[in-house]
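Hi,

Here is the structure I said I would pass on. Have a look, and my notes follow below.

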Amino acid sequence: MNINSMVYAQSYLDSSVSVDERVEDLLSRMTLEEKVGQMTQLNITMVNHEGVQRDVSLDPEKARYLLQNHHIGSFLNGEAVPPEQWLEYINELQSIAVEETRLGIPIIYGIDHMHGASYLEGSTIFPHNINLGATFNIEHARQTGKITALESGPLGHFWNFAPVLDLAKNPYWPRFYETFGEDPHLLSEMGRSYVKGFQGDHDLFPYKLAATGKHFIGYSVPRSGWDRTPVDLSMQTIHEFHRPPFQAAIDAGMKTIMVNSGEVNGIPAHASKELLTGLLRDKMGFEGVIVTDWADIGKLYNFHKTARDYDEATLQAIEAGIDMSMTPTSLRFNESLLNLVENGSVTEERLDESVRRILKLKFELGLFEHPYPSGQGIDEIGSNDRKDIALKAAQESMVLLKNSENILPLSKSIEKLLVVGPSAESKRNLAGGWTLAWQGAAEENYPESMKTITEALRNELPNAEIISMESIGKKYSKTRREFNEVAESADAIIIAAGEEPYTEFVGNITDLSLPEDQLEMIRAVNGTGKPSVLVLVAGRPRVINEVVPDTDSIIWAGLPGFEGAEAIAHVISGKINPSGKLPFSYPQFVGHFIPYNHKPSAAYYFDDTVANDIVVDVEATQMWEFGFGLSYTRFNYENLELSSTELKENDRITAKISVTNAGDIVGTESVLWFLTDEVGRISRPVKELVHFERVTLEPGETAELTFTIEPEIHLSYPGFDGESILEEGYFTIQVGEKKSRFYLEK
Ligand code: BGC
C-alpha cells in the first residue's frame, strides 16, 4: 500500500493550504530523528554502488537504509554522466524517499554546476565567472544561470551550489576564477542576474530551483592566498566590500547560502554566531536555508580545533545558526545532534527553526507536488543555439592587454602560423576546474565537438598552414631545435600559456609567476623576432612582467569554457573586435597586489630614482588595472557634464558623457563610471565602480550616456556596525579619463 494514501488527510499534502500551515502540520508529525535527518545532507558515495563520485547509480538498499532509518533530507553531487543516467538515479532515489518512508518527504538534490551544467555529459559549458565579469554584461550571468537551470532542472537537480559571490582580491587564491572579479558592484550585478536566471520560472519542469550564494563570508581573502586559511577582516570591511554581493542576491530572492570553510577573525565561519545569525539573519534579513560546506562541522574539531570533539563541533555550528550539515560521508552529525538534544544542550525548538526553513524550501520549490524529475527537453541539452550563447559570452570576455603596432588582428595574408604552449592542444585547460569532474577530467573525456586553440585557428584561418608544438624550452631541448627551424619560416607565433585545471586547495601555489618553463618558451619565441601573440589561459593572473615588453600582443582569455578556443581564434583573426575588460587588477609583482579600489595610503612606496621621494602610483604595482582592455578601434570620451555641482541629501544629479568610436571599425565599449569620496572619517577607496554599461558604436558614431547619482545609494558608506554614513564634502565622478567634481551639502 502507498504510504501517502494513509496520510492523505494530512494538510501538509494539500497544496491548497498555505506553505506555513503545511510546514507546521508536517513539523508537528515529525519525530526528533526525522527532524535531524532533514538537517542532514549526504554525498552520492553513501548511496551508490562503488562509493566513488563518478558512479551515478543507486544502490537501493543503501538508500533505503539511510532514508528509512536516518530520514536523510538531502543528497549531493556526482560527476558528468549522460542525462538519462541522472534521471534514472534521481527517480529511484526520490521514489524511495516519497513512497517508502513514513511521511514521504521528498529529498532535495544538490550539485555543483558551476559554469553551465558542468556535471552533465553533453551540456553547454559557459566561461567561468571570472570571464563573465570581464564582459561587464549581466546578460551573460543571466543566461548562464538560465541555461544551467534548463539543462539540469529536468534531471531533478533542484539545488545548485552557485553562484560564488566571493571577491577576487588575492590572486594566489585558487578559487579566484570562480568569482566575478574584485569589485563589489560588479559582483552584485552579476550575482543578482545569475540568481534571477537560475531561479526564474522555466517551462521544462513544474517545480522551481534553488540557487546558493557562497561562501559566506570573507572566504576569498586569506593572508597566504591558500584556500581555507585564516582571514582577518574588520566588520567595516565586511559590510563595505564583502556583504553587498550577498545582499543583492538575497534581495533578488536567492534561497540558500553556503558557509565559508575558513576562519574569520579567529572564529571559523561555521561557528560564528556573529556572522551567521547577527549579520546574515538579523542585519541582512536572510530567511532561507544555511548549509555548511563540505564536512565543515567535523572540521571545527579536526582542522580548526575550536571544538574538542564532534558533539562540541555540532553544538558550535548549531548555536552559530546553520540549518543543514553537508556532513557528507558519515552519520556523525546525526548522532551528535541527537546526543545534544537528549542531553539538553540543544532544544528541540532550535531544531524546529532549521527544519521549518528546510521544509519551507521544499514546499516553495513545489517538491511535494512534483518530486520527480520532469525529464523534459533532454534533446536540447548542449544545442547549437545554447552553444552560440556560451560562445558570445566567451567572445565578450576576451581582454586584449597589449597590441604593439596593431599586430592583431593577424593579417589575412598570413601563410604560416606556429602555435606553441601547453594550451595549444588542450581542451581541459580552456574549461578549468569544476568541469565534468571536480578537478576537470582527462583530455579524452571532453566532447569531440569542442575545439582546441590550434583547431579553432585552423578553421578560422583556412588559407594558412598552422603548425602546433605544445612545449618548447630548456626542458624540451629536442623540440627547441625543431622549434627554431619552424619558427624561422613562420609569419607569426601564438603562445598558448597558463595553467592546467585545479579546484580549491589542490590549486594552492607558492609562486605567482607563470612557471619558468613557460616563461622560457615565451623568451624563445620573442627571441625569434617574429610577431608574437601571448594567449593567457588561466584561472588567476600569473605574473609575466619580465616578458611583457618583448611580447607584441597579449590576450587574457581566462577560462573561457567549451567555446573558448573559437572565441580566442575570432579575436586573433579579427572576426570579433575584443571588448572585455579586466574584472580584477593584474599584478606586476608576485608579492605585492593592491586592488584598484584601495585606500589612499596603500600605494605609497619609496622610489630612489624619483628624487629620493615617496611616490604614490598604483600603476607601479599593477601590470594592468581593473577595467583595462583594448579594442581594435578607439573610443573617445568627451563632454562630461553634471546637471549640478552641488546637491543635498535628498537631491539627485545626473552626469552625462559622450562616447565616440573614433576608429574605423565597429566596436563595443564597456563604459565604467567611478566615484571618489574625497574625504571620509573611515578612509575611503581611491575610487569605486558605481555603474557600467555596454555600448556598440559604428565608426564615427557617438552615444550619449547618463548616470544618476543618488546620495544614499552612491555617496554613503557603511560604518563598523553596517549603518550607513553620509558625509558632507567633495566627490569626484570619473568616466574614461574625464573627471568632474561636485559637493554634497548636508
Ligand atoms: C566546496 C563548495 C562545494 C562543495 C560541494 C566544497 O569543497 O568548497 O564550493 O559546493 O564542496 O561539492
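Strands (E, at least two residues) and helices (H or I, at least four) are DSSP runs, numbered from the N terminus. Keep in mind that this is a predicted model, where local features need pLDDT of at least 70, side-chain atom pairs count only at pLDDT 80 or more, and totals for chains, interfaces and linings use all residues. Residues are numbered from 1 along each chain as its sequence is written, and side-chain values use heavy atoms, with hydrogens and water left out.

Now the strands. β12 (residues 416-420) runs parallel to β14, with 4 bridges, and Leu417 sits opposite Ala492 of β14. β14 also pairs in the parallel sense with β15 (residues 532-537), over 6 bridges; there, Ile494 has Val533 as its bridge partner. Between β14 and β15 the chain goes through helix α19 (residues 516-527), a right-handed β-α-β crossover (with the strands pointing away from the viewer, the path from the first strand over the helix to the second runs clockwise).

How enclosed is β14? It is largely enclosed by the rest of the structure, because 7 of its 7 residues (492-498) are buried (under 20% relative accessible area, 1.4 Å probe, protein chains only). In a regular strand the side chains alternate between the two faces of the sheet. Here Ala492, Ile494, Ala496 and Gly498 point one way, and Ile493, Ile495 and Ala497 the other.

β6 runs parallel to β5 (residues 210-216), joined by 3 bridges, with Thr212 opposite Thr256. β5, helix α9 (residues 235-251) and β6 form a right-handed β-α-β unit. On β9 (residues 289-291), Ile290 is the bridge partner of Ile257.

Finally, the ligand. As for polar contacts (pairs of N or O atoms within 3.5 Å), a ligand oxygen is 2.4 Å from a polar side-chain atom of Asp112. For the side chain of Arg175, the distance from an N or O atom to a ligand oxygen is 2.7 Å. The protein buries 95% of the 310 Å² that the ligand exposes when taken alone (Shrake-Rupley, 1.4 Å probe).

Cheers

Terms used. Buried means under 20% relative accessible area, exposed over 50%, partly exposed in between (1.4 Å probe, protein chains only). Two strands pair if DSSP finds at least two bridges between them. A polar contact is a pair of N or O atoms within 3.5 Å; within protein, one must be able to donate a hydrogen and the other to accept it, and residues adjacent in sequence count only if both atoms are side-chain atoms.
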